[in-house]
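Take a look at the sequence and the model below. Then follow the report through its sheets, its helices and its confidence values.

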Amino acid sequence: MSVSNDTQAAPAVDVVPLGGLGEFGLNMLAVSCGETTILIDAGSMFPEAGLPGVDLVVPALDYLDTRGGRVAALVLTHGHEDHIGGVPYVLPRVDGPVLGTAFTLALVENKIEEHGLELGARARVIVPGDRVRVGPFEIEFIRVTHSIPDCVAVVLHTPQGVLVHTGDFKIDYTPLDHQPTDLGRLAELGAAGVLALFADSTNVDRPGVTGSETDVRDAFDEVFATTEGKLIVASFASSVYRMQLIVDLAAKFNRQVAFVGRGMQENSQIAQRLGYLRVPTGIAIKDADVSSARGRDIVCLVTGSQGEPQAALSRIAIDDHRHVSLGPDDTVVLSARAIPGNEKAIGRVINHLARRQVEVVTEDTRHVHVSGHGSVDELKLVLSLVRPRYLIPVHGEFRQLARHARVADLVTGGLPAPTRVLLAEDGHRVRFDAEGGRLLDTVPTGRVLIDGSRTGAVDDEMLRDRRHLAADGLVVPVVVVNRQTGRREGAPEIVARGFVPETAAGDVLVDGAAFLAAAIDGCSVEERTDEGLLKERIRGELRRFLKKRTGRRPMVLPVVMEI
Ligand SMILES: [Zn+2]
Ligand SMILES: [Zn+2]
């Protein structure tokens with residue numbers, strides 16, 4: 001057959017997940033054929049609690065060095081941080097286009113601007129249905145629904161066959177923007193023959209279907225109807241659908257909307273500019289005007305749904321926000337899932353709010369949040385339509401990937417040509433050639449920890465946390481506080497390694513400890529008894545102090561001991 005002859009002559013296609021398989025976050029997939037390597041997504045992950053002092057975790061790019069070091073195209077499925085957060089660190093290696101929808105690229109531009117970078121001529125805005133040729137790949141885009149507007153699945157037409165990458169998706173039949181998942185195109189591709197499907201595994205544990213973004217409207221309607229004072233809604237700054245819902249209900253219930261927190265302000269502006277968020281005239285109010293308005297006239301959309309100590313909600317919760325303060329008539333809605341690992345921080349925020357007698361609504365008590373990832377029946381539907389020869393489950397911890405494999409077996413096991421599952425993890429090289437698909441070997445992977453104090457100086461060196469440590473060293477302030485009173489017990493101690501200022505090494509640390517003691521004593525009791533907030537405060541203050549005194553930016557890892 002001429003087809004198999006062609007395949008035999010054609011170069012192999014190698015797919016290597018560099019992140020996102022075996023963990024949630026930092027999604028990145030390298031696809032190579034011949035000399036050409038492209039990346040699908042460049043995500044980051046928020047550091048786990050065990051990594052204080054680290055702002056961001058991104059995949060290591062050592063594997064790219066074995067492929068000539070350069071990237072012919074960066075393909076982005078959507079604008080969530082776990083898919084675009086690593087773009088600033090990858091961009092210096094990208095020679096070709098950065099492909100994404102208008103909203104995704106706008107979020108990227110906004111992000112990389114902080115790093116002094118720009119996409120420039122590399123930006124290539126695509127719409128679903130577009131096809132772009134990059135080397136041996138023809139890249140096609142298909143509309144999918146998720147929890148953020150303008151998401152796409154990616155189809156790679158390669159010399160070995162068709163690869164389909166779902167991106168993050170659920171099957172939302174009634175999305176707020178009336179742009180449903182293009183099931184028809186997925187079925188067409190399936191009928192014509194798909195070599196491999198890379199599919200989102202996040203919610204494979206959940207039975208049935210996830211539900212539409214519009215499903216939360218009733219619960220919010222009730223909250224609006226029953227709240228006497230201020231209404232605060234905390235969600236991800238990228239949750240534009242949620243923003244739209246709140247804006248629409250604000251219009252209905254005669255409240256004005258304030259966007260509070262930098263991410264919320266920036267993203268709402270981008271979304272409005274591009275037409276993804278429609279705010280009727282007269283509805284918006286500046287955050288600075290919230291304090292002078294009557295509570296019942298206001299709804300605030302705020303950042304901090306994950307209990308992030310530097311975000312708006314954490315500051316509001318300890319009454320330390322410039323514009324927003326809360327009391328007994330007010331309601332806070334946490335309209336987001338708790339990302340695993342953040343439960344404790346979120347719990348602390350809820351405790352602070354409870355102390356101010358604020359009513360707190362979470363998805364446990366009312367249906368104020370819906371996931372953006374398809375449940376098991378949606379995964380089954382996609383498998384049935386695409387009918388791939390191989391399934392590579394992506395976007396999940398290993399248990400989700402493994403369960404996705406069993407689901408594929410249930411769906412296709414009895415068919416004439418069952419789907420074979422390749423259970424890959426980060427660093428596994430999946431090879432497609434004349435022999436079919438298989439896990440070939442493993443390549444070097446890893447994580448790079450990034451300390452935000454270095455943003456602005458982005459180059460390849462940024463990618464090596466150890467170089468940062470080698471250059472500026474490590475400083476560990478140890479502070480003991482009384483758990484009940486929040487009183488500082490004794491003077492802070494500062495331990496340093498590899499941080500050797502040119503002048504008066506000892507003095508800097510002694511002065512730093514005294515400076516820190518004063519800074520801590522200046523905090524409210526609530527802040528001092530909240531480990532997360534206190535660590536963030538110590539880190540920020542000490543960084544500023546050391547930068548000013550020595551011009552250096554060591555990594556600062558605060559240790560707070562409660563007695
Ligand atoms: Zn996503
Ligand atoms: Zn994701």
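How many bridges join strand 1 to strand 2? Six bridges join strand 1 (residues 13-19) to strand 2 (residues 28-33), and the two run antiparallel. Strands and helices here are DSSP runs, numbered from the N terminus: a strand (E) has at least two residues, a helix (H or I) at least four. Two strands pair if DSSP finds at least two bridges between them.

The model is predicted; local features need pLDDT of at least 70, side-chain atom pairs count only at pLDDT 80 or more, and totals for chains, interfaces and linings use all residues. Residues are numbered from 1 along each chain as its sequence is written, chains are lettered from A and ligands numbered from 1 in the order in which they are written, and side-chain values use heavy atoms, with hydrogens and water left out.

Strands of a sheet pair through backbone hydrogen bonds, either parallel or antiparallel.

A second open sheet holds five strands in the order 14-15-13-16-17. Here the pairing is parallel. Strand 14 (256-260) and strand 17 (359-361) are the edge strands, each pairing on one side only. From one strand to the next, the twist averages 20°. Strand 14 pairs with strand 15 (residues 298-302) over five bridges, in the parallel sense. Within strand 15, Leu 301 stands opposite Phe 259.

**Helix packing**

Axes are lines fitted to C-alpha atoms, for helices over the stretch in contact, and angles run from 0 to 180 degrees between N-to-C directions.

| Helix pair | Angle | Axes |
|---|---|---|
| Helix 5 and helix 9 (residues 262-273) | about 140° | 10 Å apart |
| Helix 7 (residues 217-226) and helix 8 (residues 240-252) | about 40° | 11 Å apart |
| Helix 12 (residues 376-386) and helix 13 (residues 398-412) | roughly 55° | within 10 Å |

Angles under 35 degrees count as roughly parallel, over 145 as roughly antiparallel, 65 to 115 as roughly perpendicular and the rest as oblique. Helix 12 and helix 13 are therefore oblique to each other. Their crossing is right-handed (the near helix is turned clockwise from the far one by less than a right angle).

What meets what? Contact means heavy atoms within 4.5 Å. In helix 5, Phe 103, Ala 106, Leu 107 and Asn 110 meet Glu 266, Asn 267, Ile 270 and Ala 271 of helix 9. That contact has five nonpolar, two polar and one charged residues. Ala, Val, Leu, Ile, Met, Phe, Trp, Tyr, Cys and Pro count as nonpolar, Asp, Glu, Lys and Arg as charged, and the others, Gly among them, as polar.

Helix 7 passes helix 8 in a right-handed crossing. Helix 7 brings Arg 217, Phe 220, Asp 221 and Phe 224 to the contact, and the residues from helix 8 include Leu 245 and Lys 252. By class, this contact has six nonpolar, no polar and four charged residues.

**Confidence**

pLDDT is the predictor's confidence in each residue, from 0 to 100. The protein chain has a mean pLDDT of 90, and 92% of its residues reach 70 or more. Over residues 453-463, pLDDT stays under 50. Where pLDDT is low, the predicted coordinates should not be read in detail.
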